[in-house]
Amino acid sequence: MPEEREIRLKRLRFRSHHMGTAENDALFGGFADARLAGLSDDQMDRFEDLLAENDSDLYDWISGLKEPPENRKTDVLQMILDFKCCL
């Protein structure tokens, strides 16, 4: 694995486990541990974009309390939703 990708994976894993709420830390951190290495570079970009969103918005989208905006309805968000269902 190229060193740049490995560093990016470590950085994204860390951010996924330290998002702000225990619920998001568990879900996004668990997803990162299980699936992050298998994402393409473009998918990692979309995952990183999600991590930049407000923590409470992410929780609302993942829990189904609110519909995510169209620009966030991506394959990566769907992967996270599918992962949540398997927990």
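Let's start with glycine 20, which touches Asp25 and Asp55 if you leave out residues up to four places away in sequence. By touching, or contact, I mean heavy atoms within 4.5 Å. Glycine 20 sits in the loop between H1 and H2. The H names are helices, meaning DSSP runs of H or I with at least four residues, numbered from the N terminus (strands would be E runs of at least two). At 64% relative accessibility, glycine 20 counts as exposed. The cut-offs are under 20% relative accessible area for buried, over 50% for exposed, and partly exposed in between, using a 1.4 Å probe and protein chains only. The C-alpha atoms of glycine 20 and proline 69 are separated by 21 Å, and the two are 49 residues apart along the chain.

Quick housekeeping. This is a predicted model, where local features need pLDDT of at least 70 and side-chain atom pairs count only at pLDDT 80 or more, while totals for chains, interfaces and linings use all residues. Residues are numbered from 1 along each chain as its sequence is written, and side-chain values use heavy atoms, with hydrogens and water left out.

Now, one of the residues that glycine 20 touches is Asp25. Aspartate 25 belongs to helix H2. What does aspartate 25 touch, residues up to four places away in sequence aside? The list is Ser16, His17, His18, Met19, Gly20 and Gly30. Here's the curious bit: aspartate 25 is buried yet has no salt bridge. A salt bridge here is a side-chain nitrogen of Lys or Arg within 4 Å of a carboxyl oxygen of Asp or Glu. The nearest side chain of opposite charge is arginine 15, 10 Å away. For charge, Lys and Arg count as positive and Asp and Glu as negative, with His and the chain ends not counted.

Okay, helix packing. Two packed helices are described by the angle between their axes and the distance between the axes. H1 covers residues 3-17, H2 covers residues 22-35, and they pack at about 155° with their axes 7 Å apart. The axes are lines fitted to C-alpha atoms, for helices over the stretch in contact, and the angles run from 0 to 180 degrees between N-to-C directions. So H1 and H2 are roughly antiparallel to each other. On the H1 side you'll find Arg13, Ser16 and His17, and they meet Asn24, Asp25, Phe28, Gly29, Gly30, Ala32 and Asp33 in H2. By class, that contact of H1 with H2 has two nonpolar, five polar and three charged residues. Ala, Val, Leu, Ile, Met, Phe, Trp, Tyr, Cys and Pro count as nonpolar, Asp, Glu, Lys and Arg as charged, and the others, Gly among them, as polar.

Next pair. Helix H3 (residues 41-51) packs on helix H5 (residues 75-85) at about 75°, with the axes 8 Å apart. That makes H3 roughly perpendicular to H5. H3 brings Gln43, Arg46, Phe47 and Leu50, while H5 brings Asp75, Val76, Leu77, Met79 and Ile80. This contact of H3 with H5 splits into six nonpolar, one polar and two charged residues.

Aspartate 75 pairs with arginine 46 in a salt bridge, with the closest N and O atoms 2.8 Å apart. The pair joins distant parts of the chain, 29 residues apart, with aspartate 75 in helix H5 and arginine 46 in helix H3. Aspartate 75 counts as partly exposed at 33% relative accessibility, and arginine 46 also counts as partly exposed, at 28%.

How many salt bridges does the rule give? The count comes to 11. Another one joins arginine 8 and glutamate 48, at 3.0 Å from N to O. These two are 40 residues apart, with arginine 8 in helix H1 and glutamate 48 in helix H3. Buried or exposed, arginine 8 and glutamate 48? Both are buried. They also belong to a salt-bridge network that links Arg8, Arg11, Arg15, Asp45 and Glu48.

Last stop, helix H4. Its buried residues are Asp55, Leu58, Asp60, Trp61 and Ile62, and the buried residues of H4 pack against H2, H3 and H5. After H4 comes glycine 64, with a positive phi near 85°.

Key:
Parallel < 35°, antiparallel > 145°, perpendicular 65-115°, else oblique.
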